[in-house]
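Let's take a friendly walk through the packing inside this protein, starting with its aromatic rings.

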Amino acid sequence: MALRVGKVLYWIVFVLSAIVVGCYIGLKSWAKPPKPKPPEPTQTLVTVQPTDDPNTEEDESQGEPTTVPAVETKTRKEDCYTFLVMGMDDGNGNTDTIMVVTFDVKEKHVSVVSIPRDTLVDVPRTIKKINAAYSVGGIEEVQKEVSSILGFPVDHYITVNLRGFKALVDAVGGVDFEVPVNMNYDDPTQNLHIHLKKGMQHLDGEKALQLVRFRSGYANADIGRIETQQKFLKALAKKLISWNSVSKINSFADIFAKNVKTDLTVGNLAYFGLAALELDTSSGISMNTLPGDGQVTYKGIPYYYELYPQQVLDIINQSGLNPYTEDLTLEDTNIFQAP
C-alpha cells in the first residue's frame with residue numbers, strides 16, 4: 001500500500017500567531033473573542049395524549065396518542081469555542097488529517113479529537129469516507145459532516161499546509177521527541193524518503209515531517225500515525241507556549257500568513273493566543289482519536305473506519321469536547337454504521 005502523506009494540523013498554529021501578533025506586536029487591545037454563536041435547536045419527539053376537555057379542538061380530543069416534534073435548545077458553556085482543523089492530500093482535493101478542537105477558555109482546557117480519514121459517514125455520495133467531504137462541498141461540507149457525527153456545531157475552521165508545519169518546527173529550533181519505532185520508507189514517485197531511528201532525538205522540521213508522514217510500520221496503520229502525531233504536537237505545543245524570543249516575530253508572522261487559512265480575525269487570534277498562555281500543557285490539553293473498526297467493507301468498498309457509537313459519545317462528554325452544559329446523547333449524534 002502506498003504511503004499517504006499526512007498533513008499535521010493543530011490549534012497551536014493559530015495560538016502561535018496570536019502570541020506573536022497579540023503579545024509582542026502590541027495588539028493586546030485588539031484581542032477579542034468571536035461573536036457568540038446562536039443556540040442550536042435540537043428536535044425531539046413528544047407524545048400528546050388525547051383529552052376530553054371540551055375547550056380543546058375536536059381533532060385533539062379524540063383518537064389515539066400522537067407523536068409530534070418538539071424543539072429544545074441546549075445551553076452553551078460560557079467562553080467555549082469549537083474549531084475544525086484540517087489539511088489536504090496532495091493534488092486530489094481530499095482532506096488527509098481532520099481534528100476538532102474545543103477550547104474552554106474559562107476552564108483553561110483544550111480538548112482535541114482526531115477523526116480518521118476513512119471514517120464512514122451518513123451521506124448520499126458513493127464514497128462515504130469523511131476525507132472526501134472537502135472535494136464535494138469545501139470547508140462548509142466538512143464542518144457539516146463533522147458536526148453531524150459529534151452532535152454539536154463546529155464554529156470556526158483552520159487549515160494548515162505541509163510547508164507551514166515544517167517551517168514552524170524549524171522556527172522554534174526543533175523539538176526533542178521519542179520516536180516510537182524505526183522508520184524506513186522510500187517512495188521516489190512522491191520524492192518521499194523517511195529514515196528515523198527509534199528512541200529520543202532532536203527533530204528539525206524535515207525530520208519532524210518524516211515522523212508524522214510515516215504510517216506503514218504501525219500495526220494499526222493510520223491510528224498509529226495519529227497517536228504519534230498527537231504526542232509530537234503536544235511536545236511542540238509545550239515548547240511554543242514556553243518560547244518567548246522576540247527575534248523570531250517576523251518569521252512566525254510570515255509562516256502564518258503564507259500557510260494558514262482561517263475565518264478567525266486578527267483580534268480573535270490575539271484573544272486565543274493570550275488565553276493559551278495560561279494553559280498548563282501537562283493537564284490542560286487532552287487528545288483522543290474517535291474509536292472504531294478500520295477493517296469494515298461497505299457496498300464492496302474496503303477499509304472504511306466504522307465508529308463505535310457509545311465509545312465516541314463517552315469521549316465527547318468526558319474529554320471536554322462537548323461545548324454544552326448538558327451531556328449529549330446518542331440521539332444527538334449521527335454515527336453511521338454499515339448494515
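Ten aromatic pairs turn up in this predicted model, where rings of Phe, Tyr and Trp (its six-membered ring) pair if their centres lie within 6.5 Å; planes under 30 degrees apart are stacked, over 60 edge-to-face, and the rest tilted. One of them, F103 with F272, is tilted, at 5.8 Å centre to centre and 35 degrees between the planes. F103 belongs to strand β4 and F272 to helix α7, so their pairing ties together parts that are 169 residues apart in sequence. Helices (H or I, at least four residues) and strands (E, at least two) are DSSP runs, numbered from the N terminus. Ring pairs also link F103 and F272 into a cluster with Y81, F83 and Y271.

Here are the elements that come up in this report:

| Residue | Element | Range |
|---|---|---|
| F103 | strand β4 | residues 95–104 |
| F272 | helix α7 | residues 266–276 |
| T159 | strand β6 | residues 156–160 |

Beyond its neighbours within four places in sequence, T159 is in contact (heavy atoms within 4.5 Å) with M86, I139, N259, V260 and K261.

Residues are numbered from 1 along each chain as its sequence is written. Local features need pLDDT of at least 70 and side-chain atom pairs 80 or more, while totals for chains, interfaces and linings use all residues, and side-chain values use heavy atoms, without hydrogens or water.
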